[in-house]
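Thanks for coming. I will go through one structure today, part by part, and keep it brief.

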Number of protein chains: 2
Amino acid sequence: MAGKPTLVSLARELGVSRQTISNALNAPHRVNVRTLERVLPAIEESGYRPHVAGRQLRTRRSRNLAMRLFASADGINGAILDRFLHALTEAAQRDGYRLTLFTAPDDEGEVAAIDELLSTADIDGFVLTSTHHDDARTAWLLEHDVPFVAFGRPWSSEDPFEAPHPWVDVDGGSGTSDATVHLLERGHRRIGFLGWPAGSGVGDDRRGGWQRALDAAGVDPATDELSLGVEDSVAEGARGARDLFARGATALVCASDSLAIGAVAAWRQGTPDASAEVPVIGFDDTPVAAALGLSSVRQPIEQVAEQTVTLLLKRFTGGAGGTAAPEHVLLPASLVLRTPDPHLLGLPPPGPGHPRP
Amino acid sequence: MAGKPTLVSLARELGVSRQTISNALNAPHRVNVRTLERVLPAIEESGYRPHVAGRQLRTRRSRNLAMRLFASADGINGAILDRFLHALTEAAQRDGYRLTLFTAPDDEGEVAAIDELLSTADIDGFVLTSTHHDDARTAWLLEHDVPFVAFGRPWSSEDPFEAPHPWVDVDGGSGTSDATVHLLERGHRRIGFLGWPAGSGVGDDRRGGWQRALDAAGVDPATDELSLGVEDSVAEGARGARDLFARGATALVCASDSLAIGAVAAWRQGTPDASAEVPVIGFDDTPVAAALGLSSVRQPIEQVAEQTVTLLLKRFTGGAGGTAAPEHVLLPASLVLRTPDPHLLGLPPPGPGHPRP
DNA sequence: GGTAGCGCGTTGAACGTTCAAAATCTGATT
DNA sequence: AATCAGATTTTGAACGTTCAACGCGCTACC
């Protein structure tokens, strides 16, 4: 009675052996239906839960996934990783897995932390985020035969669909392309792209979508003139946007909501009509964008998380121990259109001012 | 050679018993100095790491903490919990603990999840967040004798420092008080408070700080007139702020950055002077506030996390198993002053507009 | 009627660690 | 030289689970 029930204590109470209890739960087909009917309700009623440490010791499986928690650099765009974290926790939980967090100052530290976790805490698999060009982490994980799935393509020169490891990613280019098409339909012809300096896989991908849409529409892209790469911040976004508007852009597709917020401010500076449509589209559909009424490209993070877990679990149960070719999933982004509240980020009507101290 | 070293394999290799290796690592004083000198470097070199499942099975300790991951409702203010999560992971890691996440739809679900975690995965302790009035979770945890620390006071009528469980919290009232004093020093006399409907512990606490500062300065608070409680969103903040300004407020202290952002927009509507100081102060110093140049009250989240872990660990190692009185830590908030970039959330100079499509 | 096979259930062993008790060694004291 | 205390090391057992092997009873087949 006292203490939690174990296989042995339960077995004694029910007059069967521990293995029968274990089988009733894990391999019911091996147990006679009549015993099953007698034993299962009793187990249920006892509130028995297998102790993970015992199971882990024997099976070498922990039902534990791990992921590095990044410091959200900007905080605005960092929100996307927080959404991912939440969705991943839920997806893992649905499949009976838990998510353990760890931090690391850099990629090297992350590899060290993974190494440590592997040798102490049987973690079954890892989730990699923020993959980038020449990512040393994937190389290490592959070499050490560690099950993992990356959120993010390998941004190398080779075809990502030929990559030796599984990944899930969002087709950002399709998102910026949709955004561009939307602006074209609104009558814009000189649509600029406000992004980051060339070289970041994610940024180049988003820029590519914008360019493809312009090409497809037969509009002269004036690519070099109407595209700009700046640091990812609101202030830089405002500065960059002013520049692009000065070059004749009438609308902007941005690589992030941070940049877009800056761009909106810059645009409002030059367009005193409060009711005018705001021709700026951001990326990631962050809470700030929603709060300010900014249109933005949304990543299907919940699906990304779901797929990530699915691929990871396949990795564990995969037939001949991972001989199956790694799978790669590219999900489409979607455009979220909003009409900004004219009183936010907005213009003052020429009414009376407020009292001053 | 093949496979990871275990106590037994190491012992065989070094010609000592497993227990000696174990002692060398966990209780060096029990081992002869000469053996220690011989054995320790060899252990180090072997890369041996104790296997947590084995240890956990024997010691009933997992060195694992767990916390519920909330869906960040607003997303702007949710950022505070994400900061906490990060800091907590780091603090736990420093002390050799890991953090496991779980989700739950509500408090009842959280208790169920904790119950489940307790019976399967020896979790050593839990961290509770977002405590509120009449929190059923603390009652359950206390009753079941589960080690936990709350981030947040128990918002009941009794003296929180007499609470039967340990907690860490930030003195939000001191923050809004500082903010109010700052505005008083800038010459304001009619300072309003824009918060949430009465009844939320956190909100009432922040409102209390504002009121105390006004009382102390001998300024007629006109409490009812200049204080307003609305839903926590940017739009509601703008609406509420317009209301307060109309009642003669010249400055606002807000219970959140969401509200403050709305308030800034409302204020700009009525004050066409772009260079004027913005008499609005937010709460939580979220990334958005930083990006927009909004002054805000900052919670020392890193210290909160540090203290939370410290109290939790004390709970485990506490002399006679937790007979010591629970500890309560209240940390001061600090005021972060900023000058907003006049081009963000800003006014358009009456210059030429931008080209239109 | 022997035996092969199958269904079902049990037992022994092992995963890697630490606690508790027993065994051995060292040096000093009688 | 025998004894004892204390320091150091080793051994047995246990934590809770699952794998592998084994045992038993029954049926079917030749």
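**DNA strand C, DNA strand D and the protein**

I start with A:Arg60, which has a polar side-chain atom 3.2 Å from a phosphate oxygen of DNA strand C. A polar contact here is a pair of N or O atoms within 3.5 Å; within protein, one must be able to donate a hydrogen and the other to accept it, and residues adjacent in sequence count only if both atoms are side-chain atoms.

Some ground rules. This is a predicted model, in which local features need pLDDT of at least 70 and side-chain atom pairs count only at pLDDT 80 or more, while totals for chains, interfaces and linings use all residues. Residues are numbered from 1 along each chain as its sequence is written, chains are lettered from A and ligands numbered from 1 in the order in which they are written, and side-chain values use heavy atoms, with hydrogens and water left out.

Back to DNA strand C.

The side chain of B:Arg18 has an N or O atom 2.9 Å from a base oxygen of DNA strand C. For B:Arg58, a polar side-chain atom lies 3.1 Å from a base oxygen of DNA strand C.

Now the elements involved; helices (H or I, at least four residues) and strands (E, at least two) are DSSP runs, numbered from the N terminus. At least two residues of the surface near DNA strand C come from each of helix H2 (18-26) and helix H4 (52-59) of chain A, and from each of helix H2 (18-26) and helix H4 (52-59) of chain B. H4(B) gives the largest share, five residues. By class, that surface has seven nonpolar, 12 polar and seven charged residues. In this scheme Ala, Val, Leu, Ile, Met, Phe, Trp, Tyr, Cys and Pro count as nonpolar, Asp, Glu, Lys and Arg as charged, and the others, Gly among them, as polar.

Next, DNA strand D. It is surrounded by 27 residues, and the closest are A:Leu7, A:Gln19, A:Tyr48, B:Arg18 and B:Thr35. Sugar and phosphate make up 56% of the atoms of DNA strand D that come within 4 Å of the protein. A:Tyr48 places a polar side-chain atom 2.4 Å from a phosphate oxygen of DNA strand D. Backbone atoms take part too: an N or O atom of the A:Leu7 backbone is 2.7 Å from a phosphate oxygen of DNA strand D, and one of the B:Asn32 backbone is 3.0 Å from a phosphate oxygen of DNA strand D. Here the largest share of the surface, five residues, comes from H4(A). Its classes are seven nonpolar, 12 polar and eight charged residues.

**Inside the protein chains**

Is helix H5 of chain B mostly buried or exposed? Of its 16 residues, 12 are buried, so H5(B) is largely enclosed by the rest of the structure. Buried means under 20% relative accessible area, exposed over 50%, and partly exposed in between (1.4 Å probe, protein chains only). Among the buried ones are B:Asp82, B:Arg83 and B:His86. After H5(B) comes B:Gly96, with a positive phi near 80 degrees.

Also in chain B, B:His188 sits in the loop between helix H8 (172-185) and strand E6 (191-195). B:His188 is buried, at a relative accessible area of 7%. Its side chain makes a polar contact of 2.7 Å with the side chain of B:Thr250.

In chain A, A:Val170 belongs to strand E5 (residues 167-171). A:Val170 is buried, with 4% relative accessibility. Leaving out residues up to four places away in sequence, A:Val170 touches several others, including A:Arg153, A:Asp205 and A:Leu330; contact means heavy atoms within 4.5 Å.

Finally, confidence. The mean pLDDT (the predictor's confidence in each residue, from 0 to 100) of chain A is 89, and 89% of its residues reach 70 or more. Over residues 345-352 of chain A, pLDDT stays under 50.

Notes:
A residue is near a molecule or strand if one of its heavy atoms lies within 4 Å of it.
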